[in-house]
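Subject: Structure handover

Hello,

Here is the structure you are taking over. My notes on it follow below.

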Amino acid sequence: MKKFKKSFWGRIGFEGICLLVLIVVVSVSTYVQYTKEDTLTATVQSINTQQSVSGTDGSVITSYTYLVGTDKGTMQIQPDGIMSSTAFGQLKEGKTYRLHTRGFSFPLFGLYPYIVDAKEE
């Protein structure tokens, strides 16, 4: 009896195809988040700090998210890390800035573009 070789897609199966699709989606969204840049002029309307506390007894993790509400939408600003901003802590409500941002906005998942630089207008 002669054996037939399965195609590549037949060998990896449904789970493998789903895993490949997931890897592609995560890779593309990560690439876009770190490479999509924009420059705009916006007036700061509010600056908010959101605190998130999670964990169990004896192991508590606290994280902070810094959101800047502008007339052009909500943006995020960070004091450190790959998306850190030299303007962190220096933005003032009611002032207009030329903002350099990186990333995209998808509020449903809590994703906002990061402010990486700001110059007062």
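In which sense do strand 1 and strand 4 pair, and over how many bridges? The two strands are antiparallel, and seven bridges join them. Strands here are DSSP runs of E with at least two residues, helices are runs of H or I with at least four residues, and both are numbered from the N terminus. Two strands count as paired if DSSP finds at least two bridges between them.

Before the rest, the basis: this is a predicted model, in which local features need pLDDT of at least 70 and side-chain atom pairs count only at pLDDT 80 or more, while totals for chains, interfaces and linings use all residues. Residues are numbered from 1 along each chain as its sequence is written, and side-chain values use heavy atoms, with hydrogens and water left out.

Strand pairing

Within the pairing of strand 1 and strand 4, Asp-38 has Thr-101 of strand 4 opposite it. Strand 1 also runs antiparallel to strand 2, and twelve bridges join the two. On that side, Ser-46 stands opposite Gly-69 in strand 2. Strand 1 and strand 2 form a hairpin with two residues between them. Gly-58, in the turn, has a positive phi of about 85°.

Salt bridges

A salt bridge is counted when a side-chain nitrogen of Lys or Arg lies within 4 Å of a carboxyl oxygen of Asp or Glu. By this rule there are three salt bridges.

- Arg-102 and Glu-37 meet at 3.2 Å, N to O. Arg-102 lies in strand 4 and Glu-37 in strand 1 (residues 37-56), so the pair ties together parts that are 65 residues apart in sequence. Glu-37 is partly exposed at 42% relative accessibility; buried means under 20% relative accessible area, exposed over 50%, and partly exposed in between (1.4 Å probe, protein chains only).
- Lys-95 and Glu-120 meet at 3.5 Å, N to O. The pair links distant parts of the chain, 25 residues apart: Lys-95 is in the loop between strand 3 and strand 4, and Glu-120 is in strand 5 (residues 114-120). Lys-95 is partly exposed, with 36% relative accessibility.
- Asp-117 and Lys-119 have their closest N and O atoms 3.8 Å apart. Asp-117 is partly exposed at 24%, whereas Lys-119 is exposed at 52%.

Aromatic pairs

A pair of aromatic rings is described by the distance of the centres and the angle of the planes. Rings of Phe, Tyr and Trp (its six-membered ring) pair if their centres lie within 6.5 Å; planes under 30 degrees apart count as stacked, over 60 as edge-to-face and the rest as tilted. The structure holds three aromatic pairs. One of them, Tyr-64 with Tyr-66, is stacked, at 6.4 Å centre to centre and 20° between the planes. The rings of Tyr-66 and Phe-88 have centres 4.9 Å apart and planes at 80°, so this pair is edge-to-face. The pair links distant parts of the chain, 22 residues apart: Tyr-66 is in strand 2 (residues 59-70) and Phe-88 in the loop between strand 3 (73-76) and strand 4 (96-102). Ring pairs link Tyr-64, Tyr-66 and Phe-88 into a cluster. Tyr-64 is partly exposed, with a relative accessible area of 42%, and Phe-88 is partly exposed as well, at 29%.

Which residues does Gln-78 contact, leaving aside its neighbours within four places in sequence? With contact meaning heavy atoms within 4.5 Å, they are Tyr-66, Met-83, Ser-84, Ser-85, Phe-88 and Tyr-114. Gln-78 is in the loop between strand 3 and strand 4, and is buried at 14% relative accessible area.

Gly-103 is in the loop between strand 4 and strand 5. Its relative accessible area is 4%, so Gly-103 is buried. Leaving aside neighbours within four places in sequence, Gly-103 is in contact with Val-32, Gln-33, Lys-36 and Pro-113. The C-alpha atoms of Gly-103 and Thr-30 are separated by 9.2 Å, and the two residues are 73 residues apart along the chain.

Helix 1

Leu-19 lies in helix 1 (residues 8-35). At 49% relative accessibility, Leu-19 is partly exposed.

Regards
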